[in-house]
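Thanks for coming, everyone. Let me put the model on the screen, and then we will walk through it piece by piece.

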Amino acid sequence: MATPTARSILLASPPGQFDLILEDIQSIAPKSLSEDVDVSALRAEWAATTGHAIVESSAAVDTTDESNGCINALRKAMDDYVNLKFSSPGVRAAHRVKQEDGGETITITTYAERIDLTNHSVGSWNACYTVNPSLGHISGSVSITAHTFENGGNVQLHSKEEKPKTNSECITSNDNADKQLIWAKSIVKQVQAWEDKEVMDKLTDTYERMNNEYLKSLRRVMPITRTKMDWNVMAHRVRITLGEGHDKDKLKHQH
């Protein structure tokens, strides 16, 4: 089994780094993971928690409710949306549309990630919406994770936006296919409008304010010499050593 600390660290792994962190734990603290630990189960739990699981083809495809016209229409509309919004180079994305609560609600889950370990940067997008077709309601949330770790730095950003329950178009499985497709497109249009305005605009504003507000207090203040401090540790050690030698010479002359 894994110790609580090792388990927590693994389940908190940033996108695309579960196996790398597992290797680090095995190297630094091998006793924290016993020989009988079920790594595959931990990896599956991490993937389910973060949303990564649906990018695997076996998890993304669900054929249990293909007879439901509303589900099929929504899947098609989401196919178009994901292809439009998550098609940048290096981005891997998938979505899942599934019936819940005996068919009363539909869950839409979208997961996208961009893993660029060469440039020390990864990020993920995990959105989940609950739609009630008969009552005409939609609610959901978007969770965003970003991780950069270049030149000894290790910074993570976690952001979550909640979409409160709002009204949407109503539909039933007995309606014709054209009406169901129009309904599905209206749902995706609501999702897109909310993600663009409430999620991306807020995130952009946060990035812009971060440099001037949040990170300002962390910066080193310029010394009175108006010369930036050289934080080369070895260079300072050399200066200290030379300084000590110079002081010793002065003491010798005084004696």
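**The hairpin, the sheet and the cores**

Start at Gly136. In the hairpin of β3 and β4, Gly136 takes a positive phi near 75°. Four residues lie between the two strands there. One caution before we go on: this is a predicted model.

Now the strands themselves. β3 covers residues 121-132, and β4 covers residues 137-148. They run antiparallel, and twelve bridges join them. Take Thr130 as a landmark: its bridge partner in β4 is Ser139.

Move on from β4. It also pairs with β5, residues 155-167, again in the antiparallel sense. Eleven bridges hold that pairing. Here Thr148 stands opposite Val155 in β5.

What is the order of the strands in the open sheet? It is β1-β2-β3-β4-β5, five strands with antiparallel pairing. Which strands stand at the edges? β1, residues 91-100, and β5 do. Each has a single partner strand, so one side of each is left without a neighbour in the sheet. From one strand to the next, the twist averages 10°.

β1 and β2, residues 105-116, run antiparallel and are joined by ten bridges. Ala94 stands opposite Tyr111 in β2. A helix sits here too. α5, residues 69-85, packs on the sheet and touches β1 and β2. The direction of α5 makes about 165° with that of β1.

Next, the cores. The largest nonpolar core has 29 residues. Which of them touch the most other members? Leu74, Ile108, Trp125, Val142 and Trp183 do.

Zoom in on Val142. Leaving aside residues up to four places away in sequence, Val142 touches a list of residues that includes Trp125, Tyr129, Ser159, Trp194 and Val199.

Ile21 takes us to α2. Phe18, Ile21, Leu22 and Ile25 are buried in this helix. Why do they count as being on the same side of α2? Because they cover an arc of only 105° around the axis. What covers these buried residues? The cover includes α1, residues 4-11, and α3. Now turn the helix around. The face away from the buried side carries the exposed residues Ser27 and Ile28.

Last stop: the aromatic pairs. How many does a search of the whole structure find? Three. One of interest here is Phe18 with Trp46, and the pair is tilted. The rings are 5.5 Å apart, centre to centre, with 35° between the planes. Phe18 lies in α2, residues 18-28, and Trp46 lies in α3, residues 39-50. So the pair ties together parts that are 28 residues apart in sequence.

Are these two residues buried or exposed? Phe18 is at 2% relative accessibility, so it counts as buried. Trp46 is buried as well, with a relative accessible area of 5%.

That is the tour. Questions, please.

Methods. Residues numbered from 1 in each chain as written. Predicted model: local features only at pLDDT ≥ 70, side-chain atom pairs only at ≥ 80, totals over all residues. Heavy atoms only, no water. Phe/Tyr/Trp six-rings, centres within 6.5 Å; stacked < 30°, edge-to-face > 60°. Buried < 20%, exposed > 50% of the residue type's maximum accessible area, 1.4 Å probe, protein only. Arc of directions from axis to C-beta. Contact = heavy atoms within 4.5 Å. Pairing = 2+ DSSP bridges. Axes fitted to C-alpha atoms, helices over the stretch in contact; angles between N-to-C directions. Core = buried A, V, L, I, M, F, W, Y, C linked by side-chain atoms within 4.5 Å.
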